[in-house]
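Dear colleague,

Please find below the structure that I am handing over to you, together with its sequence.

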Amino acid sequence: MPELPEVETVRRRLAPVLVGERIAEVVLRRADLRGPFPVDFAARLTGHTVLELHRRAKHLLADLSSRETLLMHLGMSGDFRVEPGDALSPLDKHDHVILRLASGAAVIFNDPRRFGSMDLVATDALGEHPVLGALGPEPLSASFTPAVLARACRGRKTAIKVALLDQRIVAGLGNIYVVEALHRARLTPLRRAAVIATATGAPRPAALRLVPAIKQVLAEAIERAGNASYRGGRFRVYDREGQPCRRPRCTGTIRRRTQAGRSTFYCPVCQR
Ligand SMILES: [Zn+2]
């Protein structure tokens, strides 16, 4: 399933192709993805120019000259490919949406499992969108600080690991990156979220370690996702139950637990 780093990599790949380009033609090869396409979807895109391509959590947002924003989610198996010329290679049966650009390039959305989605929202109403409007800070943005995270976790009895998966506390963090960041920050996933904050909501040292760890784990994953030649050996704890901890000089063995229905991996020796 594409996580934040993969979605950011897709954004970086599509932005140079889409931004500043006019959408010349839209081909829908079926009536729906996870849900139906919006009313008059193709007509509302055609002839308009993409002004900007943003990412918010795991959503891609293409602002259009029509003052609508094309909201895209990759779901479980969605991906985009770009075909440069006039001659498209043969289409796959899971190629569901084709955006033909004025440049001649085509941007093709392929999604075998069809949990992806596309929607159109008025650009100036994005803040009130039921999903986007409720999201917490973007983890890689300057507005995600130890003070902000500590304030959000203050007094919370839920486990810190579960709190970090709450999209209202921080946007778009998936299970893998939460367990990896907690290992880097030497913080056990089992403790209550409140331990990173004082009673007044000020950041404790754990919050000062955790926020940079989250940013670092994501930045490295984006770097890797953009570089197909570098794979393997990428996780310190994720999916490593029973294997030795990768922290230098730590003698711990990685354990697995289930928290809120998701697997948690951690080192009981160096994560406190
Ligand atoms: Zn360890």
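Two strands are taken to pair if DSSP finds at least two bridges between them. Helices (H or I, at least four residues) and strands (E, at least two) are DSSP runs, numbered from the N terminus. This is a predicted model, in which local features need pLDDT of at least 70 and side-chain atom pairs count only at pLDDT 80 or more, while totals for chains, interfaces and linings use all residues. Residues are numbered from 1 along each chain as its sequence is written, and side-chain values use heavy atoms, with hydrogens and water left out.

**The sheet E2-E3-E4-E8**

Four strands form an open antiparallel sheet in the order E2-E3-E4-E8. Strand E2 (50-56) and strand E8 (117-122) stand at its edges with a single partner strand each, so one side of each has no neighbour in the sheet. Direction ignored, neighbouring strands here are turned by 20° against each other on average; axes are lines fitted to C-alpha atoms, for helices over the stretch in contact, and angles run from 0 to 180 degrees between N-to-C directions.

Within this sheet, strand E3 (residues 59-64) and strand E4 (residues 68-73) are joined in the antiparallel sense by five bridges. Leu 60 stands opposite Met 72 in E4, and Leu 61 has Leu 71 of E4 as its bridge partner. Three residues lie between the strands in the hairpin of E3 and E4, where Arg 67 takes a positive phi near 70°. On to E8, the antiparallel pairing with E4 runs over six bridges, and Met 118 in E8 is the bridge partner of Met 72.

How many residues of E4 are buried? Six of its six residues are, where buried means under 20% relative accessible area, exposed over 50%, and partly exposed in between (1.4 Å probe, protein chains only). Both faces of E4 are covered, with Glu 68, Leu 70 and Met 72 on one side and Thr 69, Leu 71 and His 73 on the other. Helix H1 (residues 4-18) lies across E2 and E3 and runs at about 175° to E2; contact means heavy atoms within 4.5 Å.

**The sheet E1-E6-E7-E5**

A further open sheet has four strands in the order E1-E6-E7-E5, with antiparallel pairing. Its edges are strand E1 (23-28) and strand E5 (79-83), each of which has a single partner strand, so one side of each is left without a neighbour in the sheet. Neighbouring strands of this sheet are turned by 20° against each other on average, direction ignored. H1 packs on this sheet, touching E5, E6 and E7, and its direction makes about 35° with that of E5.

E6 and strand E7 (residues 106-110) run antiparallel and are joined by five bridges, with Val 97 opposite Phe 109 in E7. His 96 lies in strand E6 (residues 95-101) and is buried, with a relative accessible area of 3%. Leaving aside residues up to four places away in sequence, His 96 touches Val 27, Leu 28, Arg 29, Arg 30, Leu 33, Phe 109, Asp 111 and Arg 114.

In helix H3 (residues 146-153), Leu 149, Ala 150 and Cys 153 are buried. Seen down the axis of H3, these buried residues fall within an arc of 100°, so they line one face of the helix; the arc is that of the directions from the helix axis to the C-beta atoms. Helix H4 (160-164) and helix H6 (205-225) are among the elements that cover them. Just after H3, Gly 155 has a positive phi of about 75°.

Helix H5 (residues 175-184) has ten of its ten residues buried, so it is largely enclosed by the rest of the structure. These buried residues pack against H1, H4, H6 and strand E10 (262-266). Arg 186, which follows H5, has a positive phi near 60°.

**The zinc site**

Which residues coordinate the zinc ion? They are Cys 245 (SG), Cys 250 (SG), Cys 267 (SG) and Cys 270 (SG), at 2.3 Å. Donors are N, O and S atoms within 2.8 Å of the metal (3.2 Å for Na, K and Ca), and water is not among the atoms, so sites may look incomplete. The four donor atoms subtend angles of 104 to 116°, which makes the arrangement tetrahedral; four donors count as such if all angles lie between 85 and 135 degrees. In sequence, the donor residues are spaced C-x4-C-x16-C-x2-C. Cys 245 is buried, with a relative accessible area of 8%, and Cys 250 is buried at 18%.

With kind regards

Note on methods
Four donors count as tetrahedral if all angles lie between 85 and 135 degrees; four count as square planar and six as octahedral if opposite donors are over 155 degrees apart and all others between 65 and 115; anything else is irregular.
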